[in-house]
Amino acid sequence: EKSGYDTFMEKEINDQPHAVADTLLGRTDAEGNLTLDELHIDVEELRAVTKIVIVACGTAAYAGMVAKYAIEHWTRIPVEVELAHEFRYRDPVIDERTLVVSISQSGETMDTLMAVRHAKELGARTVSICNTHGSTIPRESDAVLYTHAGPEIAVASTKAFLAQITASYILGLYLASLRGTSYGRDAAEVMAELQGIPAQIETVLAGMDRVKEIAYYMADSRSVLFLGRHVGYPVAMEGALKLKELAYIHAEGFAAGELKHGPIALIEPGQPVFVIVPSPGSEHGLHDKVVSNIQEIRARGARTLVIAEEGDEDVVPFADEVIRVPHTSPLLAPLLTVVPLQVFALHLSTAKGLDVDQPRNLAKSVTVE
Ligand code: F6R
C-alpha cells in the first residue's frame, strides 16, 4: 500500500503531482472554459455574492489563506479566512449574499462542520471543498467541489493541501469568469498554467536529496523559523506546522514584513530560518524586499535556508542553502514552495526516529469540538 515507500507520508508527498492533476481533471470544456455544473448552485446566486468567508482548521486553513490572495485578485469579491472554531463563537456578519466556503480533507472535522451549520443558520450559501466523498461536511453543504487527492492516510496533511489550493483556485476562476472580472489574465490562461504544475512538482521532488541531508544534520535543532510574504506567508506557517507536528520542534511562521515589528529579536547566531522568496518577476517589488530580509537576518547570524526560483541569483550571497523551485506566476508558487518544507519535516522526523505517519497526540480527523 505504501508503493515501496517507507511511510505513507513519503508516498503522499510523492503523489502530489497526481493530486493536483486529478483535481484539475474534468473541470474545463473543450475550449478550456471552466464548467462547474457539479456545484449545483444557481449561477445568479453566485453572481450576486458580495463576500466570501473561508472556514477551515490547520493545514486546510492555510490553504484558505493562500486562496484568499488569488480569489480576491481574480474576482474582486472580499474574502475572509477564519479558523472554523473561532468563526462559530463570534457574531460574524453573514447574510444570503455571503458564500461560506469550508475546506476539509476528511469532511468530518467537527469544528468546521459546526461553522458550516452556523453559516447556514445565518442564511449563507455554503460550498464545501472536500477530499472525502459522502462525508458529513459536503452532505450538509449546499454544494461541493471535491479535491481528488485520493485517500490521505498519514496524519499530517500534504497532498490534500495542494489539492485544496487547486480546487479553491478553480472556484475563484469560475466565479471570476461568471462575473466577467478577469483581472490580469483570463481563467483559461491560469488553468493552462495550473495544468503544468504537476510536472513542475516532479522537478521539485527530483531535487530533494540536499533537503534530506539538511534535515539530518539539523536533527538537534530546538527552534526553526519560517518567513514568507504574500502567498508565501501561509506557506511559511504550513512549513512550521509540519515541523511541529512531525518533529516536535518549536517552529513558527512569520510574514517577512513583520520581522522588524518584533520577531527579528529572536535572531541569534545559528538560528535556522527558512525563507520563501517570491519570484523576481513578482509585482510590487516583493522579491527585493524579501532578499533584504534575508540579508538582515544573516547579518545577525541566522542560518538562512532559502527557497528561491531557478535563476534567482540575488539570494545567493546571503543564503547558507538555496533550494530551487521552477518559475511560476506568483499566485501559483505555493504549489511548489511548500514541497521542500514537507520533505524537510518528513526527514527531520525520520532522523529523530519518530513515527512519521502517526505523530503523538494527534488523530487524522478531529471529530470533537
Ligand atoms: C495538519 C493537519 C491538520 C488538518 C486539520 C483539518 O497536518 O493534518 O491541521 O489539516 O485538522 O482537517 P480536515 O482537513 O480533515 O478538516
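Predicted model: local features only at pLDDT ≥ 70, side-chain atom pairs only at ≥ 80, totals over all residues.

**Entry 1. Strand pairing.** Strand β1 covers residues 51–56 and strand β2 residues 79–83. They pair in the parallel sense, over five bridges. I checked who faces glutamate 80 in β2, and found valine 53 opposite.

**Entry 2. Aromatic pairs.** I asked how many aromatic pairs the structure holds; the count is three. I took phenylalanine 226 with phenylalanine 274 to begin. Their ring centres are 5.1 Å apart and their planes stand at 5 degrees, so I logged the pair as stacked. The cut-off for that label is planes under 30 degrees apart. Phenylalanine 226 sits in strand β6 (residues 223–228) and phenylalanine 274 in strand β8 (residues 272–276), so this pair ties together parts 48 residues apart in sequence.

I then looked up burial. Phenylalanine 226 has a relative accessible area of 1%, so it is buried. Phenylalanine 274 also counts as buried, at 1% relative accessibility.

Phenylalanine 274 has a further partner in phenylalanine 344. Here the centres are 4.7 Å apart and the planes at 65 degrees, so the pair is edge-to-face. The label needs planes over 60 degrees apart. Phenylalanine 344 belongs to helix α14 (residues 334–351) while phenylalanine 274 is in strand β8, so the pair links parts 70 residues apart in sequence. Phenylalanine 344 is buried too, with a relative accessible area of 1%. I noted Phe226, Phe274 and Phe344 as one aromatic cluster.

**Entry 3. Charges over rings.** I searched for arginines over tyrosine faces. Arginine 88 lies over the face of tyrosine 89, at 4.9 Å from the ring centre. Arginine 360 lies over the face of tyrosine 248, at 3.8 Å from the ring centre.

**Entry 4. The largest pocket.** I looked up its volume, which is about 600 Å³. Its lining has 26 residues. Which of them lie nearest the centre? I found Cys57, Gly58, Thr59, Lys364 and Val366 there. I then sorted the lining by element. Those giving two or more residues are α4, β3 (98–104), α6 (110–121) and α12 (232–247). The largest share is four residues, and it comes from α4.

Methods: Residues numbered from 1 in each chain as written. Heavy atoms only, no water. Pairing = 2+ DSSP bridges. Phe/Tyr/Trp six-rings, centres within 6.5 Å; stacked < 30°, edge-to-face > 60°. Buried < 20%, exposed > 50% of the residue type's maximum accessible area, 1.4 Å probe, protein only. Lys NZ or Arg CZ within 6 Å of the ring centre and 35° of its normal. 1 Å grid on protein atoms, 1.4 Å probe; cavity = no way out; pocket = protein on both sides within 12 Å on 5 of 7 lines; lining within 4 Å. Points joined across faces, edges and corners; volume = space filled by probe spheres on them.
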